[in-house]
Amino acid sequence: MIRAFVLVAVLVGLGLPAALVYLPLAALTGNATPLYNIALRIVRTAFRMASIRVQVSGLEHVPSHIACIFMSNHISNLDPPALLPHIPGRTSAFLKSSLMRVPVLGFGFRLAEFVPVSRDGRQESAIE
């Protein structure tokens, strides 16, 4: 429980100031890479400060310069932030479409070209 509190505190404590600088920068330049990079640094720092160890294996099997799809079994909501910093190169992710409506977070996800997915089970949503 304390680790989760530390994780959230660090993410918020570092994330909000970074968002104030990097979100407008990304919006003005159209380049979300600095925003993406600082977000990954913040996530790595938060995991380290919360003493949450992430063990990665098999990176030698990831081909360089080829697009890949990574699937997570999603045991918890920590899977995506734990996984993304360890994937080589710039990544994008599918996420629940409702997350795009969270004021600052959704704006950042759009700038980073994350893909919203509706999980309502309708065929039209899947095609969209």
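The model is a predicted one. Eight positions of α2 can be listed as buried: Leu35, Tyr36, Ile38, Leu40, Ile42, Val43, Ala46 and Phe47. Helix α2 itself takes in residues 33–49, a run of 17 residues. At 1.5 Å a residue, a helix of this length should span 24 Å. Just after α2, serine 51 adopts a positive phi of about 55°.

Two further residues also have positive phi. Histidine 65 sits in the loop between α2 and α3. Its phi is near 65°, a positive value in a residue other than glycine. Histidine 65 has a relative accessible area of 83%. The cut-off for exposed is over 50%, so histidine 65 counts as exposed. Glutamate 113 lies in the loop between α4 and β2 (115–117). Phi of glutamate 113 is likewise positive, near 65°, and this residue too is not glycine. With a relative accessible area of 60%, glutamate 113 is exposed.

The second largest pocket has a volume of about 350 Å³. Its lining comprises 19 residues. Val54, Gln55, Val56, Ala82 and Leu83 lie nearest the pocket centre. Helix α3 gives the most to this lining, with three residues. By residue class, the lining of the second largest pocket holds 12 nonpolar, five polar and two charged residues.

Definitions and conventions: Residues numbered from 1 in each chain as written. Predicted model: local features only at pLDDT ≥ 70, side-chain atom pairs only at ≥ 80, totals over all residues. Heavy atoms only, no water. Helix = DSSP H or I, 4+ residues; strand = E, 2+ residues; numbered from the N terminus. Expected span 1.5 Å × (residues − 1). Buried < 20%, exposed > 50% of the residue type's maximum accessible area, 1.4 Å probe, protein only. 1 Å grid on protein atoms, 1.4 Å probe; cavity = no way out; pocket = protein on both sides within 12 Å on 5 of 7 lines; lining within 4 Å. Points joined across faces, edges and corners; volume = space filled by probe spheres on them. Nonpolar A, V, L, I, M, F, W, Y, C, P; charged D, E, K, R; others polar.
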